[in-house]
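Dear colleague,

I am passing on the structure below, together with my notes on what was found in it. Please read the notes with the model open beside you.

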Amino acid sequence: MYSGKIFKYMALIASMFCFQSFIVGDEPMTKENGVYVVNTTTIGKDIEGYNGPTPLKVYINKNKVERIEFLKSMESPKYYSQVKKALLEKWNGKTVKDARTLQVQNVQMALDYYQKNK
């Protein structure tokens with residue numbers, strides 16, 4: 001009987017944290033100091049890396065990609081280090097139109113979302 005109450009209490013706390021996490025940090029797009037920030041946590045949840053989803057934040061200022069950041073995932077630091085060196089900075093300074101030609105699905109999804117919702 002006592003363990004059932006604890007389980008219900010723990011489930012309630014877990015659901016509150018999940019809901020709070022969604023409200024605070026998982027909005028698909030926000031605007032910070034004139035810069036659009038597209039978060040692919042929810043819109044790209046089905047895009048898989050080697051160890052699961054690979055969410056990003058894409059920063060867009062005056063229709064140009066300012067930078068791209070990795071968000072927490074199950075990927076290893078070694079994997080992210082290799083990706084960062086090979087790909088991540090290729091978008092910096094490109095217009096949204098030009099950046100879409102680089103053909104990385106998670107980034108393209110973020111740029112499409114930006115164009116449809118800005």
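A salt bridge is counted here when a side-chain nitrogen of Lys or Arg lies within 4 Å of a carboxyl oxygen of Asp or Glu. This is a predicted model, in which local features need pLDDT of at least 70 and side-chain atom pairs count only at pLDDT 80 or more, whereas totals for chains, interfaces and linings use all residues. Residues are numbered from 1 along each chain as its sequence is written, and side-chain values use heavy atoms, with hydrogens and water left out.

By that definition the structure holds three salt bridges. One of them joins the side chains of R67 and E66, with 3.4 Å from N to O, and another joins E69 to R67, at 3.2 Å from N to O. Through these shared partners, E66, R67 and E69 form one network. For accessibility I use relative accessible area with a 1.4 Å probe and protein chains only, where buried means under 20%, exposed means over 50%, and partly exposed is what falls in between. On that scale R67 is partly exposed at 33%, E66 is partly exposed at 34%, and E69 is partly exposed at 28%.

The remaining salt bridge is between D112 and R100, whose closest N and O atoms are 2.6 Å apart. This pair links distant parts of the chain, since D112 belongs to helix α5 while R100 sits in the loop between α4 (96–99) and α5, twelve residues apart. Helices (H or I, at least four residues) and strands (E, at least two) are taken as DSSP runs and numbered from the N terminus. Both partners are again partly exposed, D112 with a relative accessible area of 25% and R100 with one of 29%.

Turning to the sheet, four strands form an open sheet in the order β1-β2-β3-β4, with antiparallel pairing; two strands are said to pair if DSSP finds at least two bridges between them. The edge strands, each of which pairs on one side only, are β1 (29–32) and β4 (64–70). From one strand to the next the twist averages 25 degrees, where axes are lines fitted to C-alpha atoms (for helices, over the stretch in contact) and angles run from 0 to 180 degrees between N-to-C directions. Helix α5 (residues 105–117) packs on this sheet and touches β1, β2, β3 (56–61) and β4, its direction making about 45 degrees with that of β3; contact means heavy atoms within 4.5 Å.

Strand β2 (residues 35–39) pairs with β1 in the antiparallel sense over four bridges, and β2 and β3 likewise pair in the antiparallel sense over four bridges.

Not counting residues up to four places away in sequence, I60 touches V35, Y36, V38, V65, E66, V96, L111 and Y114.

Finally, T54 lies in the loop between α2 (40–43) and β3 and counts as buried, at 12% relative accessibility. Leaving aside neighbours within four places in sequence, T54 is in contact with T40, I47, G49, E75, Y80 and N106.
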